[in-house]
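I set out to read one structure from the whole chain down to single residues. My entries record what I looked up at each step.

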Amino acid sequence: MTEGERRRAFAEAFIAQARSDWRAHRVLAGRQDIATCHGLHYLQMVCEKLAKAYRLRDTRSPVDELVSKHTGFAKFIGPFFMVVLKDEYRGKDAQLRGLIMRARALAREIEKLAPAIDRAAAPENAEYPWQRDERVIAPCQHDFPSLELLRQPGGRAFLNLVERALDGFESLSLSA
């Protein structure tokens, strides 16, 4: 398998898995009988895999580096939003920059849900218990206040753009 074939195969596999994770996220998110951490866990996985799929296909970043890291979604946001929203925000550059800045901040919070990211400074994650001071906290007992924005209009708009990225993978490109 050539490097290009490998890159394309991984991109296709990551977008397929991201779409499957999105369906699981949609089932779990907002259900009162399911702890918030479960929907957030799937959202984190969606975002990670979505960014990997686009970056594998549309950049020359090393395949093994992209495949092995849990970060990259915050880097993906700017280029993706510029491609998807450039026509909608034509002549509104300041608004678009503000949207991208807020989306990147939210993307960084979503990336932190992976337990491998910055456990010392931000141990809160969607999978494993952590210790804060003298208390051990289970994710299912935590409300993740840094992600409260997801339930507000700006967060819903952000999630709509994630869905557009999933739905438009075959027709959208970061290099457009």
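The entries below go from the overall fold to selected residues.

**Entry 1. Confidence**

I noted at the outset that this is a predicted model. I looked up the confidence before anything else. The mean pLDDT of the chain is 89, and 98% of its residues reach 70 or more.

**Entry 2. Fold and dimensions**

I counted the secondary structure next and found 6 helices and 2 strands. Their order along the sequence is α-α-α-α-α-β-β-α.

I checked the overall size in two ways. The C-alpha trace spans about 50 × 45 × 30 Å along its principal axes. A compact globule of 176 residues would have a radius of gyration near 16 Å, and because the chain has 17 Å, I recorded agreement with that expectation.

For the packing, I looked up the contacts between residues at least 6 apart in sequence; 63% of them join residues at least 24 apart. Of the 176 residues, 44% count as buried.

**Entry 3. Surface and charge**

The accessible surface of the chain comes to about 9,700 Å², and carbon and sulfur atoms account for 51% of this area. I also looked up the charged side chains: 28 are positive and 24 are negative. The centres of these two sets lie 4 Å apart.

I turned to Phe73, which is found in helix α4. Is Phe73 buried or exposed? Its relative accessible area is 2%; the cut-off for buried is under 20%, so Phe73 counts as buried.

I then listed its contacts, leaving aside neighbours within four places in sequence. Phe73 is in contact with Cys47, Leu50, Ala51, Ala107, Glu111, Phe158 and Val162. I also took one distance: Phe73 and Ser173 are 100 residues apart along the chain, and their C-alpha atoms are separated by 15 Å.

**Entry 4. Two residues with positive phi**

Most residues other than glycine have a negative phi. Asp133, which is not a glycine, has a positive phi of about 55°. Phe144 likewise has a positive phi, near 50°, and is a residue other than glycine.

I compared where these two residues sit. Asp133 lies in the loop between β1 (130-132) and β2 (135-137), while Phe144 lies in the loop between β2 and α6.

Ile137 lies in strand β2. With 8% relative accessibility, Ile137 counts as buried. Leaving aside neighbours within four places in sequence, Ile137 is in contact with Pro129, Trp130, Arg132 and His142. Ile137 and Gly154 are 17 residues apart in sequence, and 29 Å separates them C-alpha to C-alpha.

Pro139 has its place in the loop between β2 and α6. Its relative accessibility is 5%, so Pro139 counts as buried. Which residues is Pro139 in contact with, apart from its neighbours within four places in sequence? They are Cys37, Asn125, Ala126, Glu127, Tyr128, Pro129, Trp130 and Phe144. I noted that Phe144, one of these partners, has the positive phi recorded above. Pro139 and Pro153 are 14 residues apart along the chain, with 25 Å between their C-alpha atoms.

Gly155 lies in helix α6, residues 153-167. Its relative accessibility is 0%, so Gly155 counts as buried. Beyond its neighbours within four places in sequence, Gly155 is in contact with Leu149 and Leu150.

Gly155 and Ala103 are 52 residues apart in sequence and 8.5 Å apart in space, C-alpha to C-alpha.

Methods: Residues numbered from 1 in each chain as written. Predicted model: local features only at pLDDT ≥ 70, side-chain atom pairs only at ≥ 80, totals over all residues. Heavy atoms only, no water. pLDDT = per-residue confidence, 0-100. Helix = DSSP H or I, 4+ residues; strand = E, 2+ residues; numbered from the N terminus. Rg over C-alpha atoms; globule rule 2.2 N^0.38 Å. Buried < 20%, exposed > 50% of the residue type's maximum accessible area, 1.4 Å probe, protein only. Contact = heavy atoms within 4.5 Å. Areas by Shrake-Rupley, 256 points an atom, 1.4 Å probe, with all protein chains shown as cover. Lys, Arg positive; Asp, Glu negative; His and termini not counted. Charge placed at Lys NZ, Arg CZ, Asp CG, Glu CD.
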